[in-house]
Amino acid sequence: MESTVLREPFETAGLAHRHHDNAIAEEIHEVEQITAEVLKLEDEMEAIRPQHVQEPGPAFRLEVEDNIGILIFDAPTEKVNILSTPVMHELNTRLDELQSRADLQALIFLSGKEGNFIAGAKIEEIENISDPKDGAEKAAMGQAVFSKIDALPFPTIAVIDGACVGGGLELVLACDYRLARDSDKTRLGLPEVRLGIIPGFGGTQRLPRLIGIQRALDFILTGKLVDAQRAYRAGIVDRLIAKEFPPQRLRRLGVEFAREIRKPEARQKIADRRNRVNPQTLLLERNFLGRKVLFDQARRRTLAETKGHYPAPELALEAVEKGFSKKDIAEGLKIEAELLGKAIVTNVSKNLVKIFYLTEAVKKDTGVENYSGPIQEFQKIGVLGAGLMGGGIAQLMAHNDLPARMKDVNLAAVAKGMEAAARVFSESVKKRRLTPKEMQNKMAFISGTADYSGFHHVDLVIEAIVEILDVKKKVFAEIDNLLPSHSVIVSNTSSLPISEMANATKRPDKFAGLHFFNPVHRMPLVEVIRGENTSDVTVASLVAFAKKIGKTPIVVKDSPGFLVNRILGAYMAEAGRLLMEGATVEQIDNALLEFGMPMGPINLFDEVGLDVAAKVSHILENAFGARMAGEGMMDKIVESGRLGKKNGKGFYIYEGKNKKVDPAIYAFIPKTGKFDGSAAAMQDRCVLPMINEAAMCLSEGLVRRPADVDIGMIFGTGFPPFRGGLLRYADARGIDNIVGKLETLAGKYGERFKPAARLMEMKQSGKKFY
Ligand code: NAI
């Protein structure tokens, strides 16, 4: 803006100069004055204007010591090293130069950014690729560069400290040796499938050749990231560097390693270790039939996992299978590039990339528009209630090394909460993610009490006691007098009004909802509920806290059911009506599983607990009327003593790990009509009300933007990520189509399907959610 305003008089002035012959002296003088002033202003503006971004300098720097080259990757103007196209071009040129350096005896790859190795390829570069050929070409380009590393006439060594993922791992796989520092930041893996693509810079070819097919598939098909120790155990890393090793000396260490491997015995030792890592697997894999069994199993497992909704793992599997048998890796790389091209253009990949952007945006969001105020830190946590949620919350705190003081009505109840927390840690021990000693250390962060001892110095109290408003209010009034004045109080309630509870204290500004989902350690979402008087600092601090403990927060206004349970309520109510119309439990659950939901809605009733579901349904019906009505079905079932999975009996009967639908359940279901529709009709009946409800939530300002709805539904309910989110799905189907369907359903089944005003407006104006 400023520059346009300034340029105009400036250019006029220039013009006047050119025609000064015809101008009278005074006018010239005046113009010159203006010019001088404008120039002065321009200078001033220049001083305060942000400096123009400079042409980025080189990303790689070569140093040579004792005939050992050290190539330091340090992308200018970037916080992390990313393999963008310009960076790959530069690396390519560097490798051409290095190739002909007769003086070099080894090359070390090092990052110039402490604790940050290579974060992967640039995602923005793949999102618009719509032709498989372009995708394949991009992969081939990257492969060609990394193959030059592979072909260098001297040993290549990667010294890894920090994230080394995706293209980053593929780069180091092209090296001869990998050393990794066992720091908290070091992570290795090939997360491509999470973006709906496959590793395309050689990962599907080099990893199986290095660590065996089975192990490589475990990385490639799941996209999991592991720390340096696990990468060492898997055979990806040849030498582990202690956590305590100073990062500034990694260069030195690399040089020493390069000298060491000049000796054949040292090289042999590493080769021997690689062979030793998993001899059994190798035996199976060397044999053609063994391999076939292995790939068939992997394919079955993959399909069971993806239910055919995610093409990338299948394509990755194909790349490994077809490529592994090729003697010449170049042939395998060609297959990989083609399959990457196939994956990159799928809608699934486009949707997953968009979800990735949403999560990146959450990382940057403070939870309060344009917030630049302070953030309060919460170091010591009080947890009220040691039940299902309290135990889970205490475990989460301990997992994050935060001291948690858990309070319940008596010590026996507290002990139950401790046991629940210990069970979660034990799972990690079983999976070898934690040693028994580490578990002990974590558990030591949790202490218990039956009175409020210790609460006088907690910074944050998270309440998870019984869902009864009066009991909660009484407890809040009690602790309000006990807590330091800076402490924040949050309730984990799923249905009670935050503002009313806040008013039981003298600190409504420091009161909010922090709604975790069950099971706490597994569910990534947290709703931060903003009460009428919750201050910006409190909201922003809770958002920051939620991120610190590894959760994905969305800020939601205080309203019945908040965001996620309300939208889910509309879905569950309709599933209940399908039952009453005579659809079977299996028909309904299978239809929604087929849509991509992680479990069917009737199964979900059982998981949530039928008593809880009944209660929530009443609250939502009171608040929003008939569209949320459960028609009394659930009350009758609960009266019969069925509480769902927790007491082994709900719509399903649970025996050990098995469950089957209980035929006796139908006796409790009132018949209201006859449903003879298809699975697709059931899907529409359940899913469209969610879109409708979400549109209403947006109009009511419950959340700030459509992205919050999608984050909430994906991370809070497992809404299928391959669909990009609830509202992304609505956009893809077309608002016209959604409104049309809702109108038809409203004609057939009643008002509850009436399209929300916002949807009608969107239809009229041709707008989309995104
Ligand atoms: P729960 O029944 O498992 O645990 C409640 C605990 O609170 C019991 O151990 C009880 O002894 C204790 N308690 C009762 N009065 C107390 C008092 N005055 N002081 C201290 N402790 C007291 O209940 P759950 O399922 O853990 O729910 C707790 C809260 O979390 C509720 O507000 C619920 O709405 C909410 N919530 C529950 C979810 C779920 O899936 N169960 C999900 C999200 C939120």
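I began with the charged side chains and found Arg61, Glu63, Glu65, Arg251, Arg252 and Glu256 linked in a network of salt bridges, a salt bridge being a side-chain nitrogen of Lys or Arg within 4 Å of a carboxyl oxygen of Asp or Glu. The model I am reading is predicted, with local features needing pLDDT of at least 70 and side-chain atom pairs counting only at pLDDT 80 or more, while totals for chains, interfaces and linings use all residues. Residues are numbered from 1 along each chain as its sequence is written, and side-chain values use heavy atoms, with hydrogens and water left out.

**Within the network**

I looked up Arg251 and noted that its salt bridge with Glu65 has its closest N and O atoms 2.6 Å apart. This pair links distant parts of the chain, with Arg251 in helix 9 (residues 250-260) and Glu65 in strand 1 (residues 60-65), 186 residues apart; helices (H or I, at least four residues) and strands (E, at least two) are DSSP runs, numbered from the N terminus. Glu65 also forms a salt bridge with Arg252, where the closest N and O atoms are 3.1 Å apart. Because Glu65 lies in strand 1 and Arg252 in helix 9, this pair ties together parts that are 187 residues apart in sequence.

I then checked exposure, where buried means under 20% relative accessible area, exposed over 50%, and partly exposed in between (1.4 Å probe, protein chains only). Glu65 counts as buried at 19%, whereas Arg251 at 23% is partly exposed, and Arg252 at 33% is partly exposed.

**Another salt bridge**

My search of the whole structure gave 49 salt bridges, and I picked out the one in which the side chains of Asp365 and Arg705 meet at 2.9 Å, N to O. Asp365 lies in the loop between helix 15 (347-364) and strand 11 (381-384), and Arg705 in the loop between helix 27 (679-699) and helix 28 (706-717), so the pair ties together parts that are 340 residues apart in sequence. Asp365 is buried at 17%, while Arg705 is partly exposed at 27%.

**Two buried residues**

I placed Leu83 in the loop between strand 2 (68-73) and helix 3 (85-99), and its relative accessible area of 3% makes it buried. Not counting residues up to four places away in sequence, Leu83 touches several residues, including Phe73, Ile118, Phe146 and Leu171, contact meaning heavy atoms within 4.5 Å.

Thr552, which I found in strand 18 (residues 552-557), is buried at 15%.
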